[in-house]
Amino acid sequence: MNNVLVTGFEPFGGESVNPSWELARALNGEVVAGMRVVAVQLPCVFGEALARLDEALQRVTPAVVLAIGQAGGRCDLSLERVAINVDDARIPDNAGAQPVDEPVVPDGPAAYFSTLPIKAIVAGLRAAGFPASVSQTAGTFVCNHLFYGLQHRLREAGARSGFMHIPYLPEQAARHPGAPSLPLPTLVAATRLAVELAITAREIRAGGGQLD
């Protein structure tokens with residue numbers, strides 16, 4: 001049976017929980033569209049996140065990888081289109097590092113695109129009643145660092161891979177007045193569908209721009 005690797009991060013930025021990991025571990029062990037989900041928690045630390053990713057890729061040998069991260073302030077499941085070769089941290093990571101204008105991979109290309117069928121995933125999520133969008137920026141913190149490193153590592157592999165940002169959980173939003181949130185059961189159901197679509201869907205390339 002083929003595997004799907006789903007990664008989430010440890011808490012960061014003063015939070016006591018990270019919805020990306022709560023979501024990933026809720027899906028761990030499930031079989032979706034004939035593939036087993038394997039969840040791995042990553043440190044919110046530049047460099048170390050990629051080292052842990054390398055271990056997971058070697059151990060799991062996934063056919064699909066969906067990396068997930070928290071994006072406080074976003075209101076939906078955001079399928080990221082592009083990762084850029086820049087680390088530029090507005091806050092320190094969990095090890096205290098705060099790189100500024102540094103490359104993720106020295107001499108690497110400026111950017112990598114997701115190889116997931118992101119528009120098909122967004123269309124499927126919306127059709128099922130889940131808020132979702134294509135995002136044009138994964139930022140320049142550890143999420144983008146991981147996304148770029150993931151795409152760089154799998155650039156010649158047959159695996160599909162990409163990154164999705166998710167909102168706060170309600171208990172987090174309670175400490176950030178006005179911030180949007182989604183409950184964990186909704187995130188789990190939506191991500192289960194996103195994984196299924198990542199496995200089965202073909203990319204939507206038609207015009208119209210309604211998903212952009």
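**Single residues, then sheet and cores**

Trainee: Why does His 152 count as buried?

Mentor: His 152 counts as buried because its relative accessibility is 16%. Buried means under 20% relative accessible area, exposed means over 50%, and partly exposed is in between (1.4 Å probe, protein chains only).

Trainee: What should I keep in mind about the model itself?

Mentor: It is a predicted model, in which local features need pLDDT of at least 70 and side-chain atom pairs count only at pLDDT 80 or more, whereas totals for chains, interfaces and linings use all residues. Residues are numbered from 1 along each chain as its sequence is written, and side-chain values use heavy atoms, with hydrogens and water left out.

Trainee: Back to His 152, then. Which helix holds it, and what is it in contact with beyond its sequence neighbours?

Mentor: His 152 belongs to helix α4, residues 142-153. Helices (H or I, at least four residues) and strands (E, at least two) are DSSP runs, numbered from the N terminus. Setting aside neighbours within four places in sequence, His 152 has contacts (heavy atoms within 4.5 Å) with Val 105 and Tyr 112.

Trainee: Now Ala 63. Where does it lie, and why is it classed as partly exposed?

Mentor: Ala 63 is in the loop between α2 (48-60) and β4. Ala 63 counts as partly exposed because its relative accessibility is 23%.

Trainee: What is Ala 63 in contact with away from its own stretch of chain?

Mentor: Once neighbours within four places in sequence are left out, Ala 63 is in contact with Asn 2, Asn 3, Met 35, Ala 159 and Arg 160.

Trainee: How many bridges join β4 to β1 and to β9?

Mentor: Strand β1 (residues 3-9) runs parallel to β4, with four bridges between them; Val 4 has Val 64 as its bridge partner. Seven bridges link β4 and β9, again in the parallel sense. There, Val 64 is the bridge partner of Arg 160, and Gly 69 stands opposite His 165.

Trainee: And in which sense does β9 pair with β5?

Mentor: β9 (residues 160-166) and β5 (residues 77-80) pair in the antiparallel sense over two bridges. Ser 78 has His 165 as its bridge partner, and Leu 79 stands opposite Met 164. β9 is also mostly covered, with six of its seven residues buried.

Trainee: Changing topic: which residues have the most contacts inside the largest nonpolar core?

Mentor: They are Leu 77, Ile 121 and Leu 125, in a core of 39 residues. Such a core is a set of buried Ala, Val, Leu, Ile, Met, Phe, Trp, Tyr and Cys residues joined through side-chain atoms within 4.5 Å. Helix α6 (residues 184-200) gives the largest share of this core, nine residues. A second, separate core has 32 residues, including Val 65, Ala 67, Ala 138 and Phe 147.

Trainee: What is Leu 125 in contact with, neighbours within four places aside?

Mentor: Among its contacts are Leu 77, Leu 79, Phe 130, Ala 132, Ala 190 and Leu 193.

Trainee: Which residues of helix α3 are buried, and what do they pack against?

Mentor: In α3 (residues 118-127), the buried residues are Ile 118, Lys 119, Ala 120, Ile 121, Val 122 and Leu 125. The buried residues of α3 pack against β5, β8 and α6. Just after the helix, Gly 129 takes a positive phi of about 95°.

How values were computed:
Pairing = 2+ DSSP bridges.
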